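Visitor: I have a structure open and would like to talk it through with someone. Could you walk me through it?

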Amino acid sequence: MPSGTTYNPNTDLILADYLFIYVDDLPLAFATSANLSFSADSIDTSNKMSPVWVSNLPGKLSYTVTSDALITKKTGTLSFDTLLDKAVTRESVSFVFGKAKQDGTFELDEGWYQGDAIITSLELNSENNAVASFSVTLTGSGELKKVTA
């Protein structure tokens, strides 16, 4: 740790409660989780000059966005039915992963990452003595971009 550097968890950490996935400008309603995963394929470059260790180069880059949410009957929200309609029509979506306003509107306050994606998985969950929920996976299509102010 550099000398003179101090850390304050009250100001230096980010609470996850207000991090949302926005699809086509709407927050995923009643979300319980929001995840962004980035990966790179590896290209094997192992050869006789590297007999013991495998060597690799980075290949194609990809990302997925996943979320779990409670199912709502509220109209005008981004929930299971809206996402199912988009998936069935094979519609590409735009998404932003970012921080919501803390004023009860949940409008996007600060975007962190954005991109275009297709809905590759949508799963409805119904368990005894629980609120119905769903899981969604968006698979990136094109570049994942950092949102700049």
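Visitor: What should I know about the model before we start?

Guide: This is a predicted model, in which local features need pLDDT of at least 70 and side-chain atom pairs count only at pLDDT 80 or more, while totals for chains, interfaces and linings use all residues. Residues are numbered from 1 along each chain as its sequence is written, and side-chain values use heavy atoms, with hydrogens and water left out.

Visitor: How many helices and strands does the protein have?

Guide: There are 2 helices and 8 strands, where helices (H or I, at least four residues) and strands (E, at least two) are DSSP runs numbered from the N terminus. Along the sequence they follow the pattern α-β-β-β-β-α-β-β-β-β.

Visitor: And what is the radius of gyration of the protein?

Guide: The protein has 19 Å, whereas a compact globule of 149 residues would have a value near 15 Å; the radius is taken over C-alpha atoms, and the globule rule is 2.2 Å times the number of residues to the power 0.38. The C-alpha trace spans about 60 × 50 × 35 Å along its principal axes.

Visitor: What share of the residues count as buried?

Guide: Of the 149 residues, 23% count as buried, a label that means under 20% relative accessible area, with exposed over 50% and partly exposed in between (1.4 Å probe, protein chains only).

Visitor: Switching to charges, how many salt bridges does the structure hold?

Guide: It holds 3, a salt bridge being a side-chain nitrogen of Lys or Arg within 4 Å of a carboxyl oxygen of Asp or Glu. One of them is between the side chains of Lys86 and Asp24, at 2.9 Å from N to O. This pair links distant parts of the chain, 62 residues apart, with Lys86 in helix α2 (residues 80-88) and Asp24 in the loop between β1 (19-23) and β2 (26-27).

Visitor: Is Lys86 buried or exposed?

Guide: Lys86 is buried, because its relative accessible area is 14%, while Asp24 counts as partly exposed at 28%.

Visitor: Which other salt bridges are there?

Guide: Lys86 also meets Glu91, at 3.2 Å from N to O, and Glu91 counts as partly exposed at 35% relative accessibility. Lys101 and Glu107 form another, at 3.4 Å from N to O, and there Lys101 is partly exposed with a relative accessible area of 28%, as is Glu107 with 44%. Shared partners join Asp24, Lys86 and Glu91 into one network of salt bridges.
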